[in-house]
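Visitor: Could you walk me through this structure, one question at a time? I am new here and would like to look along as we talk.

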Amino acid sequence: MKKLVLLFIFLTSIIKAGDEIYFTSEPCLTPDGKTIIFCYDDDIWTVSADGGRALRLTGMSGRESDPIVSPDGKWLAFTGRQDGNANLYVMPLEGGTIKQLTFSDGSNRASSWSWDSKIIYFTSDRFNEMTTYTVSINGGTAVRLFDNYFNWPHNLSINPKTNEYKLLTTYIGKDLWPTVDKNGKIYFISDSANNEYNLYSFDDNGQTVQLTSFNTAIKNPKVNADGGFVVFEKDYQIYLYNVAINKSGKVQIYLPANNTLGLKQSFNVKDKITGFDVSPDQKKLAFISRGELFVSDIEGKYVKQLNTLPEGRVTEVLWADSLNIIFTQTVNGWLNLFTIKADGSSEEKQITSDGRNNRNISLNKDKTKGLYLSGRDELRIVDLKSLKSETIVKDEFWGFDNSTPYFSPDNKYVLYTAFRSFEQDIFLYNIETKESVNITHTGVTETSPFWSPDGKYIYFETDRYQPSYPYGYKNANIYRIALDKFDKEFKSSKFETLFSKEKKLDSSKTDVKIDFNGMEDRWEQITNAKGNQLNPFVITKPDETIVLYTSNQEGDEASIWKTILKPFDKTETKKIDGSGINDFQVAKGTTKYYTLAGGNINELDPDGSKLKKIDIDFNFNKDLSSEFNEMFFETWANLDENYYDDQFHGVKWEQMKDRYAAFLPYITSRNNLRTLLTDLQGELNSSHQGFYSSGTEEKTFYSEKALATGILFNNEMPYTVDRVIKNSPADKAGIDIKKGDVLTEVNGKVVDKNIDRNFYFLNPAFSDEISLTFKRGEKEVKIKIHPESTGALRSQLYDEWIDNNKKYVAEKSNEKIAYVYMKDMGPWSLNKFMVDMTSGNQNKEGLILDLRYNTGGNVHNQVLQFLSQRPYLKWKYRDGKFAIQPNFSPSANPIVLLVNEQTLSDAEMTSTGFKALKLGKIIGTETYRWIIFTSGKSLVDGSFYRLPSWGCFTLDGNDIEKNGVSPDIYVNTTFKDRVEGKDPQLDRAIEGIKSEWKK
């Protein structure tokens, strides 16, 4: 919630001359070009085009953006979010009542005005991914301009009166953010000159003309209605371009500034612990919460926060002894090793100082040495006395999501995993001989290895029958490998011990013996459950072994389970009570075990199958400014270490860090951080990037949810029914709705036709039922509907577009050609693909697989394997008809693959494979060039960023991200084609299959 404007101004200071204001954004101009309207600190401000003191125009809850001034200079339209949704608002430019014009839970973004200042243009995703609407300045229901589900224009100008469409630029790059004055002069941004966005226009012959030559990008240009000036953003400040003199200059702005990010906020460790360890004397806990390091007694009653780097993030912690702690912490984004005394009597000491991430630390039994992974390729040993590190193995480890390496119980070997062809194998490194042996070597993943305390077995997780990458585990179980040819115990030997003198065993001495010959034959499956059994931890006792692990065998939520192995008893498996868990960590004290579950440390009773929560309740303080700085550098560092291209698409990545870090002192909000990190990642000019962050400080008091019914109303008569969407809530037996019915009441409330119809379908919380009243001539019709979300409505409209294509192909081919469409390459779409291919389409004489507008996923292999099937024999029962094998053989008939400029990600993988396997012709336009396989990482506050880490290449080495997939037959479906209901690409696909029949 924002403070009152007058109070805010009195309590803050005006920036003095010489000081700089950054993150002023989305500027526009009054028609005469004398005044700039812009966004800052989530509000809208006004300032003279010559610069000077700015005044605040809005102070609503939520963020205001996208200001645009009417051509007559009287009105300001903008996007506001006071109800949690992006909707359109309008107010007098000189100040006055703010009026909400649209009512939707989608994204409605102000775009431009009609020249008579009566109509506002805006974009919205209420019925599809995005299209253009108009709404009157007086309110009412918005009118959609283009009917086709896919109508995203590229490089076009459109005359709404004449429906004339003209292609303006053909540069294969980025031409965007067009803006036009009332004389028809167009300005836009392009990166065609130096790979940085600069301002361009057109000369009298329609040729592009470069107007600025900056070496850092500009964005969000807006020309004033009368022409002559263009305002834009550059380096998070506002600049003004003077057309007459062909010059740009920064607009110096002064305004009230009140950066609260440096103020301390209170947090609590309760339910928020992310890592821990137990001291060797079992008297103390060390734990981590929100990147801070804490020490307490074993019951969590007395807590002390240790002084670590204010702009560092602690991620792992271990006790080196009962006084000293070793931990990992970020320094300028990189994880490094530190030590500190647990009583707080000394400052932390940095062990490593690498420009690479040092993580996954473990210690040997006597805590004299440690193991850790460094970067993408090193396994190191650190001496805890000298604090010096030595690299013992260089291999392909990847930079994240690793298994922790461990010493053998006798300190002679190191157990670790490394990647082979994207799958992990388990290795043993002999410390004395300095040699490594791959002990699994299967081509599927074996990971999370764990030594049994007696040194006889290595336990691990694997799905023996399927690779892990890129789909993840389907059914992983826990296995173990015997390190020698151990025989089963003999009952007779056990009987003999009843009469022998008991020998006291020294559990501190373990001699590991390994017979590497025939190790592949000594695998033993420990668990056999559905779902995934992961992260084994082993406890050995005389005559009993307890294997702890996480499992989701009862459903989606993982819990801790245990499997008990005894020499002469059946294996027993039990769930640990009350153990819903995502991450699994176990620490051993002198006599007890402890685990992390649900963000809390718990005492674990392995025999009683119970968890006893240690209730730690401790407040600590942090400021968002330090946290945001740490998040910035950590994001940069992990992209530096894990980005798929070591040349960073030609970008000098180190320089980018310095360039954008210079703006960190000027960040005043989380939105500024989102902008900064998004722009930093954008410098790589690659796909599959993103930074996602939200905080309680951004929440609005109000919220609204839209109730979609599946009833489509007339575009020009917004309360008159046009039709009912197939499979929507209104498409049910007993619901009587007809074209021409006029909506008169919603939930018993009489509607006002001068108000946006969507206003009546918004609620603070989603409702299960809605009642509607219609007028049909003189008759009144009442119905009840179970509403759905706007997302579900969009999906049904998408399905309608697909159904129309399917009917068109059936009609044009006399039912001989199958048409199958995939919205994405996710599991649901794969299942739909399989159903479509095996339900009525299996006997068609040709196939059109349509991947246009496909947004990707990860099922390319399954689709290509199915399409590749060819008949290899036929069989029959006596007097029966011949049937081919395999049952489904798509490649027996012609196949056409449809792609376009919005086919992306895994759909491009599929297209590449389709071409390489020569399964048929590809028809359409070049694909989007948007294909890198990604993972991601969470930051200290739960924010998340994507890591494009695995490049995708053709067999001859071409980067698909840079080159895309070219069709065999180029056919373009233009914006005008879509508006007129034409689809030349689909027509050419039908023609292509028919031509194959003639061969």
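Visitor: In the open sheet with the strand order β11-β12-β13-β14, which way do the strands pair, parallel or antiparallel?
Guide: A word on the model before the answer: it is predicted, local features need pLDDT of at least 70, side-chain atom pairs count only at pLDDT 80 or more, and totals for chains, interfaces and linings use all residues. Residues are numbered from 1 along each chain as its sequence is written, and side-chain values use heavy atoms, with hydrogens and water left out. Strands (E, at least two residues) and helices (H or I, at least four) are DSSP runs numbered from the N terminus, and two strands pair if DSSP finds at least two bridges between them. For the four strands of this sheet, the pairing is antiparallel.

Visitor: Which strands stand at the edges of that sheet?
Guide: An edge strand here has a single partner strand, so one side of it is left without a neighbour in the sheet. That describes β11 (108-113) and β14 (139-144).

Visitor: How many bridges join β12 to β13?
Guide: Look at residues 119-124 for β12 and 131-136 for β13, which run antiparallel. One of the pairs to find is I119 with its bridge partner S136 in β13. The number of bridges joining the two strands is six.

Visitor: Another open sheet has the order β2-β3-β4-β6; which residue in β3 stands opposite C28?
Guide: This sheet of four strands also has antiparallel pairing, and its edge strands are β2 (25-29) and β6 (55-56). β2 pairs with β3 (residues 35-40) over three bridges. Opposite C28 stands I37.

Visitor: What strands and helices do the buried residues of α5 pack against?
Guide: Helix α5 (residues 670-682) reaches 18 Å from its first C-alpha to its last, close to the 18 Å expected at 1.5 Å a residue, where the expected span is 1.5 Å times one less than the number of residues. Its buried residues include L673, L676, L677 and L680. Contact means heavy atoms within 4.5 Å. The packing partners are α3, α4 (653-661), β57 (691-692) and β73 (944-951).

Visitor: Where is P886, and what is omega for the peptide bond from Q885?
Guide: P886 lies in the loop between β69 (883-885) and β70 (895-899). The bond from Q885 to P886 is cis, with omega near -5 degrees.

Visitor: Is E815 buried or exposed?
Guide: E815 sits in the loop between α6 (790-813) and β66 (817-821). It has a positive phi of about 65 degrees although it is not a glycine. With a relative accessible area of 51%, E815 is exposed.

Visitor: What is the relative accessibility of R929?
Guide: R929 is found in the loop between β71 (921-924) and β72 (932-938), and its phi is near 65 degrees, a positive value in a residue other than glycine. R929 counts as partly exposed, at 27%.

Notes:
Buried < 20%, exposed > 50% of the residue type's maximum accessible area, 1.4 Å probe, protein only.
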